[in-house]
Amino acid sequence: MQKSFLLYFLITIVGVIFIGRLFQLQIVRNDSSDPIHSSAVKTEYDYPERGYIYDRNGVLLVANQLSYDVMIQPNQVQPLDTLEFCKLLKIDKEDFLKRFNKADHYASYLPSVFLKQLAKEDFAFLQEKLHKYHGFFIQKRIIRKYPINAAANVLGYIGEVNDQLAKTNTYYQAGELIGKDGIEKQYEDFLRGRKGKKYFKRNNLNKITGSFKNGEEDTLAINGKDLTLTLDIKLQEYAQKLMIGKRGGIVAIEPSSGEILALVTAPSYDPNMLVGRKRSKNSAVLMDPDNLDKPTYDRGLKASYPPGSPFKMMNALIGLQEGVITNSSHFYCYGGYKYGNRKGEFMKCHCGIYGKPIKLKTAIAKSCNSYFSNTYKLIVEKNHKPSEGLDNWAHHVKSFGLGNYLGYDLPQGSPGFIPVGKYYDDAYKYRWNASTNISNAIGQGEVQTTPIQLANFTAAIANKGFFYTPHILKEVDKNAIDFPNFTEKKETTIDKEHFNPVIEAMHEVFKTGTGSRVQVEGIEICGKTGTSENYAIVGGIRKKLEDHSILVAFAPKDNPKIAIAIFVENGGYGSTIAAPITSLMIEKYLNGEISKATKYRETRMLNISLQTQYDKLIPKIEEIASGTK
């Protein structure tokens, strides 16, 4: 009896398992599984149009063009005349096997790119022949087109999805296109749209015999969304022209919104170089680590430089906020600032005011090192606890967005560096004071900033104590963005009342100070020139190189429309190159054109090249690396 029961029980269990498996195969799998795994079904993808990209004035920056890829689905490939097939595709047998094995290793049941971006004449010829070769088909693809040769660093580029991403993200398949940098990467989800799928039945001769399941599984493609950027492409193009023959970065921001008007890195490249079959060859040149021009390195976002004299305005604001100086406080300058107890510890000053009392307005206009060294010392040693004093100083500095990534909407960046008390506690075993790092007073020392950080700092001054996070996206499908990170005010730690004397002093810079030679009639510019000392440290050897040229400014003085920061590597004094470029960009943006009175300035900046200067640096750096100097 027990044996009979056990036998019936086993038969019942096997029956349930068998019925369950049949249910899965006939009902569940038929209704919900992806038919792509079936060799009797061909899947065709309908790729949507990628969203177009426009500048703030509706100028088209990025469009689309058709491309044709040869696709492969390895599990459907049948024996073929390899030599004949390779001749059709203009490849050799070794290349064929390499491509086939890569696709088979990725996923034998999924289609992937075998040969990308055929020429139109090759596409027409192949389309007639390809039905003979099971497992191969032609897929239309959308690739990019750039009508204007500008803003490559902002727009970015698209490239192929690699195997690793395809395995971790179910939307993509290997060989499909995805944003790799810039706006294309940052807003990929908006731009890509959603691809459609169509399934077809086919016979053993690889011929399509009709729609699979009457098209019930098919989906329609949805085009990507169009983006409008904050960029003013005319200003961008103009800035790029002014930077030809120079290395550096320019960032221009609208203070009232945080919208980025121009974001320039120099040298740059034509964005069309990273489109189509020539992309691989061109990218090898552009991204070569031995290429000292670094055209794909965004100096406006990533390059960290000592901020130089523009940082003196930061110390002025902190000094006013902390109450260690007032608008009428004065210090004396005797050709520099003596610090420390050792002989030779002397910071030179070129303000030209010897042995007379210097107040804040004059100190900024004439860029007096002595004034700001005294101010910094009072800030850091306010409560006779330098470490705590420096922490308080750093807290104020960071409230302007320095020392972090700012949170802007581009994938590249650098936080720069703002030292805190612990940094020097660790370095000097708690035995230090303001004199130890007095170079921070004038934007040298350990302080490092990027051009976008300094532009944002300038915008915060223009706004008298607040800023909006810099951003590049303005609209999505004609709808204004509503991202809190970009639309909410960020307040600094400095009270509004302290900005007026600093702004007046910045205005004085362009009236009687270091920027007086580049005034623009009818525009009140407020700014600060700077010269950032430049050293290379290789193999423990510190070598002085040509200084960087810097300028920050905003205009007009009342109701500012543009804030700008410019770094020109090895450009010398800020008043020689950075200042003229700044005034030209401000005039161009606010007036729409360059006047006859300043045309000579434009001509001079367009014709200045520092390439011979950069060429001289190569042997110097090699000497440092080899230890010969």
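User: What makes two strands count as a pair?

Analyst: Two strands pair if DSSP finds at least two bridges between them; strands are DSSP runs (E, at least two residues), and helices are runs too (H or I, at least four), numbered from the N terminus. This is a predicted model, where local features need pLDDT of at least 70, side-chain atom pairs count only at pLDDT 80 or more, and totals for chains, interfaces and linings use all residues. Residues are numbered from 1 along each chain as its sequence is written, and side-chain values use heavy atoms, leaving out hydrogens and water.

User: Which strand is joined to E10?

Analyst: E18 (residues 473–476) is joined to E10 (residues 227–229) by three bridges, and these strands run antiparallel. Leu227 has Val476 as its bridge partner in E18.

User: Why is H9 called roughly antiparallel to H19?

Analyst: Helix H9 (residues 233–242) and helix H19 (residues 578–591) pack at an angle of about 160 degrees, with axes 10 Å apart. That angle makes H9 roughly antiparallel to H19, because angles over 145 degrees count as roughly antiparallel. Axes are lines fitted to C-alpha atoms, for helices over the stretch in contact, and angles run from 0 to 180 degrees between N-to-C directions.

User: Which residues of H9 make the contact?

Analyst: Leu235, Tyr238, Ala239 and Leu242 of H9 make the contact with H19, where contact means heavy atoms within 4.5 Å.

Methods
Angles under 35 degrees count as roughly parallel, over 145 as roughly antiparallel, 65 to 115 as roughly perpendicular and the rest as oblique.
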